[in-house]
Amino acid sequence: LLAPMSSSFKTVRDRLENVEAMRKARIHPITVLNARGIYSKGKGDKGSLSWNVNNQMKDVLQDAFYGSFATIEPSGEDYFIGIDCSGSMYMSNVPGTSLTCAEVAAVMAMATMRVEKNYWVGGFNTKMSELAISPKMTLDQVMNVTSRFAWGGTDCSLPMLTEMEKGMGTINKFLVY
């Protein structure tokens, strides 16, 4: 179906490159990333369905993933983003996806950072510190930073405790991934 130069490939490519159509369809970055992951394997997670992987389609899906961030509307709130960097985040997939919990957490943080102006991002396990990530980074770059965070247990209270300690009085929302 998605052979290079085929009309079906061109149709799918054109639709995935149309950010406005993706916005209207409310396509979330995680949906596109999951589709890219499954497509890139050349077989479904269930059953015996398989296909030849078109590398151009992988690139289209990659571009669609980053393009899909433009479909998210900013809220204008001040965010404190806490990313769980404990070892368990890398050990299992989010049900119904081919993505690890760490990947989903990174994408959600990236989505917020790319559309909101005011945020602070920290990684936590049994301690918390600021993560050196920016909205211009790729998912691979963000994953590299979070995976180098010292693994350990998980204390989900750390984002709120850290905010109180730092005295960030303008925080409207806590996002803990």
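1. Basis of the note. The model is predicted, and local features are considered only at pLDDT of at least 70, side-chain atom pairs only at pLDDT 80 or more, whereas totals for chains, interfaces and linings use all residues. Residues are numbered from 1 along each chain as its sequence is written, and side-chain values use heavy atoms, with hydrogens and water left out.

2. Overall fold. The protein chain has 7 helices and 4 strands, where helices (H or I, at least four residues) and strands (E, at least two) are DSSP runs numbered from the N terminus. Read from the N terminus, the order of these elements is α-α-α-α-β-α-β-β-α-α-β. The C-alpha trace spans about 60 × 35 × 20 Å along its principal axes. Of the contacts (heavy atoms within 4.5 Å) between residues at least 6 apart in sequence, 70% join residues at least 24 apart.

3. Of the 177 residues in the protein chain, 41% are buried; here buried means under 20% relative accessible area, exposed over 50%, and partly exposed in between, with a 1.4 Å probe and protein chains only. The chain exposes about 9,800 Å², of which carbon and sulfur atoms supply 53%, the areas coming from the Shrake-Rupley method with a 1.4 Å probe. The 18 positive and 17 negative charges have mean positions 7 Å apart, with Lys and Arg counted as positive, Asp and Glu as negative, and His and the chain ends not counted. Each charge is placed at NZ of Lys, CZ of Arg, CG of Asp or CD of Glu.

4. The nonpolar cores. A nonpolar core is a set of buried Ala, Val, Leu, Ile, Met, Phe, Trp, Tyr and Cys residues joined through side-chain atoms within 4.5 Å. The largest such core has 33 residues, and Ile81, Ile83, Leu131, Ile133 and Leu139 are those with the most contacts inside it. At least two residues of this core come from each of helix 3 (29-41), helix 4 (55-67), strand 1 (78-84), helix 5 (101-115) and helix 6 (139-147), and the largest share, 9 residues, is from helix 5. Apart from this core lies another, of 7 residues, with Phe80, Trp120, Met128 and Met168 among them.

5. Surroundings of Ile83. Beyond its neighbours within four places in sequence, Ile83 is in contact with residues including Ala105, Ala109, Val121, Phe124, Leu131, Ile133 and Tyr177.

6. Helix 7. In helix 7 (residues 158-166), Leu158, Pro159, Thr162 and Glu163 are buried. These four lie on the same side of helix 7, because they cover an arc of only 135° around the axis, the arc being that of the directions from the helix axis to the C-beta atoms. Strand 1, strand 2 (118-124), strand 3 (128-130) and strand 4 (173-176) are included in what covers the buried residues of helix 7, while the face turned away from the buried side carries the exposed residues Met164 and Glu165. Just after helix 7, Gly167 takes a positive phi of about 70°.

7. The loop between strand 1 and helix 5. Both Met89 and Gly87 lie in this loop. Met89 counts as buried because its relative accessible area is 10%, and, leaving out residues up to four places away in sequence, Met89 touches Asp84, Thr100, Cys101, Ala102, Ala105 and Tyr177.

8. Backbone points to check by eye. Most residues other than glycine have a negative phi. Met5, although not a glycine, has a positive phi of about 75°; Met5 lies in the segment before helix 1 (7-16) and is exposed, at 62% relative accessibility. Arg26, also not a glycine, has a positive phi of about 60°; Arg26 lies in the loop between helix 2 (19-25) and helix 3 and is exposed, with a relative accessible area of 73%.

9. Helix 2. Ala21 is in helix 2 and is partly exposed, with a relative accessible area of 35%. Ala21 and Thr71 are 50 residues apart along the chain, and their C-alpha atoms are separated by 9.2 Å.
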